[in-house]
Amino acid sequence: MLDIKLIRENPELVRQGLLNKNAKDIVDDILATDEERRSLILKTDELKAKRNQASVQIPQMKKAGQDTSAVFAEMKLVGDQIAQFDFQLREIEEKIETILRHTPNLSHASVPVGKTAEENVETKQWLPDGFSFQNDFKVLDHIELGKKLKILDFERGTKISGSGFPLYIGKGATLERALINFMLDYHLQHHGYTEVMPPILVNRESMKGTGQIPKMEEDMYFVEKDGLYPIPTAEVPITNIHRDEILSEKELPIKYVGYSPCFRREAGSYGKDSKGFLRVHQFNKVEMVKFVKPETSYDELELLVKDAEDILHELNVPYRLLLLCTGDLSFSAAKCYDIETWSPAENKWLEASSCSNFEAFQARRANIRFRNETTKKPEFLHTLNGSGLATSRLMVSILENNQTPEGKIVVPKVLQKYTGFEIID
RNA sequence: GGAGAGAUGGCAGAGUGGUUGAAUGCGGCGGUCUUGAAAACCGUUAAGGAUGUAAGUCCUUCCGGGGUUCGAAUCCCUGUCUCUCCGCCA
């Protein structure tokens, strides 16, 4: 959520920021409504002060044996008026709230201005030793490999649940589990995170806190009977760990890493890019979430990206780093790097991680603060998160890049102690 | 799922209609004492909003929503959550 004070004090800055993010310009609407709100507050506060004064006087009058009926009559009227103004005020505040909740975060000054993904900036490409974009043999895609080696069964997954629900079998399931464990362990041992295993059904407040709701409500699964949402990412429960809390400055930064399955409806995306693992309704992800002091959040973002990259170095997976342009940034993000891994069969880069700084946007929505030791006042902290990483697309790259001309898969060295086997054949 | 109890400040915990934004304890912060620390003692310590250059002034908030009343932490209705017992159960 944007800070209404920022809109009040820097309307043109906000206007330009929203334009950069391809978002609706809500500035004038907000300013007018806010004006209305404040004048109403002025009126009600005055009446309430009057009522409070009477409340002090009445007991005194009673004690003195004076007649209070005139005051009662007057205060009755005052009370009715207060009720009326309060009702109006609530409507206005709801209006402001609704607008703000539907308004995306502004991007950071270092983010390139652009309309679409075309204008994202590739900032880095990392290729393993001996890697080549050309192969001397015909590479199979992950679906063919999965079928041939009996490690992935998309047809049966469809039978069990529907399309987009992959079934891992045999060494495929083991490899997936190995990958998750390796990533978790690596972040714990090398990057100083605290492991969490969060609930994977969350309530509406939590979904609002991180910004999936109301804007992206249609893309979310929903268990109507209990009012719970299967999480689209562990970012939701993990960020909400500290919802409505005031943390001490000493505790920061707090860094959590956690594995969870992720559920996304994302309807209306069939055909292109939707086969196999490329777009699924359920996938596994190791997620990193940080709660940090505002002045450190951009340094922490760079570290977060590095943490994700380290995993790919260890796995020896070719990847590139993209700095998203303003128009391609997600709703809540102020700055975001995507990490894309190479798929030789698709002959393209696949997004496997997204590392974002949300600044105070989520913290304001979820009311996550820390007490500034100098001023002694609570302030909104900054939240960040990044996939470290999502397994499904990463699995595409691992399978395809590690296949032999005979169609076998060589398990990456670092995963072997987790899988217990070196080759899938 | 059934029955009962409860939800108050950073935490614990009083308060059952009128200077109660809220006793008390703990914790935090500042000070006295001390070479320093601890202990002891003294003081201080909620959040949000409106207004104002500021000092300040005012308003709101005792789980959420609604009601009764001149006035609600306190009474009534309702929702949510927590705990205890029973049932079911990986």
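Is Cys355 buried or exposed? Cys355 is buried, with a relative accessible area of 0%; here buried means under 20% relative accessible area, exposed over 50%, and partly exposed in between, with a 1.4 Å probe and protein chains only.

## Basis of the report

This is a predicted model, in which local features need pLDDT of at least 70 and side-chain atom pairs count only at pLDDT 80 or more, while totals for chains, interfaces and linings use all residues. Residues are numbered from 1 along each chain as its sequence is written, chains are lettered from A and ligands numbered from 1 in the order in which they are written, and side-chain values use heavy atoms, with hydrogens and water left out.

## Cysteines

The count of disulfides (pairs of cysteine sulfur atoms within 2.5 Å) is zero. For Cys325, which is in no disulfide, the nearest cysteine sulfur is that of Cys336, 11 Å away. Cys325 is buried, its relative accessible area being 0%. Cys355 is likewise in no disulfide, and its nearest cysteine sulfur, that of Cys336, lies 7.2 Å away.

Of the atoms of RNA strand B that come within 4 Å of the protein, 74% belong to sugar and phosphate. The surface comprises 13 charged, eight nonpolar and two polar residues. In this division Ala, Val, Leu, Ile, Met, Phe, Trp, Tyr, Cys and Pro are nonpolar, Asp, Glu, Lys and Arg are charged, and the others, Gly among them, are polar.

Helix 3 (27-63) is among the elements that each supply at least two residues, together with helix 1 (4-9), helix 4 (69-101) and strand 11 (368-371). Helix 3 contributes the most, with 13 residues. Helices (H or I, at least four residues) and strands (E, at least two) are DSSP runs numbered from the N terminus.

A polar side-chain atom of Lys62 is 2.7 Å from a base oxygen of RNA strand B. Phosphate oxygens of the RNA lie 2.9 Å from a side-chain N or O atom of Asn52 and 3.1 Å from a polar side-chain atom of Arg8.

Eight strands form an open sheet with mixed pairing in the order 1-8-9-10-13-7-6-2; two strands pair if DSSP finds at least two bridges between them. Strand 1 (121-126) and strand 2 (194-196) stand at the edges with a single partner strand each, so one side of each has no neighbour in the sheet.

Strand 6 (residues 254-263) pairs with strand 7 (residues 282-292) in the antiparallel sense over ten bridges. Ile254 has Phe291 of strand 7 as its bridge partner.

Conventions
A residue is near a molecule or strand if one of its heavy atoms lies within 4 Å of it. A polar contact is a pair of N or O atoms within 3.5 Å; within protein, one must be able to donate a hydrogen and the other to accept it, and residues adjacent in sequence count only if both atoms are side-chain atoms.
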